[in-house]
Amino acid sequence: MIRRLLVANRGEIARRVFRTCRELGIGTVAVCSDADADAPHVAEADLAVRLDGVTPAETYLAIDRVIEACRVSGADAVHPGYGFLSENAAFASAVLDAGLTWIGPPPEAVAAMGSKTAAKRLMAEAGVPVLPTLDPDAPGEFPVLVKASAGGGGRGMRVVRGPAGLAREVESARREAAAAFGDGDVFVEPLLEGARHVEVQVLADRHGTVWALGERECSIQRRHQKVVEECPSPGVTPELRARLEEAAVRAARAIGYTGAGTVEFLVAGERVAFLEMNTRLQVEHPVTELVYGVDLVRLQIEVAEGARLPAAPPVPHGHAVEVRLYAEDLAYLPQSGVLHRFEVSGAVRVDAGVESGSVVSPHYDPMLAKIVGYGATRGEAVRKLTAALRAARLHGVTTNRGPLLQVLTHPAFEEGRTHTGFLDEHPPSAPPPPGAQEALAAALALAAANRDHAAVLRSLPSGWRNVRSQPRTARFEETEAVYDPLPPGTAVLSVSPLPSPAGGAYRVVLEEDRVRRVFEVCWYGDGKVYVDGPGGGVVLTPVPRLPEPVEHVAPGSLLAPMPGSVLRVEVGPGDRVAKGAPIMVLEAMKMEHAVTAPAAGVVATVHVEKGRQVDAGAVLAVIEEEDA
């Protein structure tokens, strides 16, 4: 019987496991790096152990320190979460060798699936269909996919469409895989374009029962990392579902699997090909929980304690759709900084690793939360999810809310026509400029704040003049608001202050054509104004009347798109480069990001060297463009 459980992970999955532990009366232990000392998962645990002596990026990979944390905290069980050490057979063995309960499959099963190349061979022997493994130096066909043999989450994965860049991409994938999983082994297989990414949730006990809990559709991905998942798949027929479930159960039985796991496939028409087996809980497990009415974490714990599963799994009901909310920009580059406000309401499930005031660190994956809509039908689930996402209060770091809403409202998605190239075929676009009413609400709130904090004549209305000669203009970098600050020029029903822990917050009520709209306007001293209203949230940047001098950079300067470490410098002063040529590679959140030449030219200066830590916006190099 487990009494105190340590989660060897961070963020939303640690909080998710803690939630089930509280329901079961099991004590909880968090581990953390210095960077995570104030994180929500640390605050929620009964006990927390700081893993010192390693860098923040290495903290959750330090097996010896995690085992020692169990000893000093009195934990008698370990849940690995996902990522980090969750698919590390040596870690599973170390937990068991220490006399602790391991919430996961046997180390032998983890090892069997830990190498994707070995897993493919094993699955082929078990009769599960697989794609061929190609020679990484001479695959013989293109396009191909370079994949990390260990781990997942899009790390160590590259699409190569021709022989020219193959060697470079293979080497880059090896470095990224080694940094993320401690294993730089990669392999190459054909890229099955236009296919769906479909996975089957399995759950097995120690007494021979293996469940297949339907399939999840995970086709919509960026950087080979899932961003939208749903259960069931809109493209899987009952006959195909039976084939997938049969193959998944066969795979689990072939390795003596116990606990929760996922068998992933590519599906192109009637063709099915095994991708990999994840010997852990998946990020997207909530959609299965909602449709099947189960708590997979609870079942993991009960199986680890020796419980028997019923002979047959529950019957599914309804449909669930999940989106992953990331701190990233439109180019999918991770963002870091303060998340001033994080509030998601509505008829949805929210599994979050952050809260209002959290600091998004550059050391880890930038996922903030998973938001899940459930309904009797797919349309109902999508509608609930869309409404909650649009109404969410997300202030501070840039997020992918806009691109997610574009996906959820796209006709192809609504019709279930999804595949792994969906975002290449339908790339997200920049949001439209803020509307006139949002800009007006921001202008009125800022003007009201100025009056509320005025040292003299505070009782006069904002914008008061003896002689009214012209309307006022509030300028923002994105748009401007031109308005008459005094009645009856604008139908402003009220502008009233709201409680605000920092900066300012106002409620603005406007009426136009007899339609009343309410806006909340907030600011936090970061130079931005956040406006939330009936149409969602927008961000405005006020233009100061007397701007401060700004530092100008030389023409042709290449700026760091995000904070990170310089992994490699490809050029030196005097080198001639073509447009799109790699200049250097940055590493952030264990992902590599190439910085390329925006135009053909000559490298004038290089301002950084390998290993240098850089801030977002730092000048990396200067390229003098060639005359046309």
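This briefing describes selected helices, strands and residue contacts in the structure above. The model is a predicted one. Elsewhere, strands β6 and β8 are largely enclosed by the rest of the structure, because five of the five residues in β6 and five of the five in β8 are buried.

**The parallel sheet**

- Strand β2 (residues 27-32) runs parallel to β3 and is joined to it by four bridges.
- Within this pair of strands, C32 is placed opposite R50 of β3.

**Helices on the sheet**

**The α1–α10 contact**

- Helix α1 (residues 11-24) also meets helix α10 (residues 296-304): the two axes come within 9 Å and cross at roughly 65°.
- The crossing of α1 and α10 is right-handed.
- On the α1 side the contact is made by R16, V17, T20, C21 and L24, and on the α10 side by L296, V297, R298 and I301.
- Classed by residue type, this contact of α1 with α10 comprises six nonpolar, one polar and two charged residues.
- An α-helix has 3.6 residues a turn, so residues three or four places apart point the same way.

- Strand β6 (residues 144-148) is joined to β8 by five bridges, and the two strands run antiparallel.
- Two of the residue pairs linking them are K147 with F187 and A148 with V186.
- Strand β6 also pairs with strand β7 (residues 158-160), in the antiparallel sense and over three bridges.
- In that pairing, V144 stands opposite V160 of β7.
- Both faces of β6 are covered, with V144, V146 and A148 buried on one side and L145 and K147 buried on the other.
- Strand β8 (residues 186-190) has five of its five residues buried, and is therefore largely enclosed by the rest of the structure.

**Helix α9**

- Helix α9 (residues 285-292) is largely enclosed by the rest of the structure, because seven of its eight residues are buried.
- The buried residues of α9 are H285, P286, V287, T288, E289, V291 and Y292.
- Just after α9, G293 adopts a positive phi of about 65°.

**The buried arginine R222**

- R222 belongs to strand β10 (residues 210-222).
- Its relative accessibility is 2%, so R222 counts as buried, the cut-off being under 20%.
- The side chain of R222 makes a polar contact of 2.8 Å with the side chain of E328.
- When neighbours within four places in sequence are left aside, R222 is in contact with V227, Y326, E328, Y332 and L423.

Key
Residues numbered from 1 in each chain as written. Predicted model: local features only at pLDDT ≥ 70, side-chain atom pairs only at ≥ 80, totals over all residues. Heavy atoms only, no water. Axes fitted to C-alpha atoms, helices over the stretch in contact; angles between N-to-C directions. Left-handed = near helix turned anticlockwise from the far one by under 90°. Contact = heavy atoms within 4.5 Å. Nonpolar A, V, L, I, M, F, W, Y, C, P; charged D, E, K, R; others polar. Buried < 20%, exposed > 50% of the residue type's maximum accessible area, 1.4 Å probe, protein only. Polar contact = N/O pair within 3.5 Å; in protein donor to acceptor, adjacent residues only side chain to side chain. Pairing = 2+ DSSP bridges.
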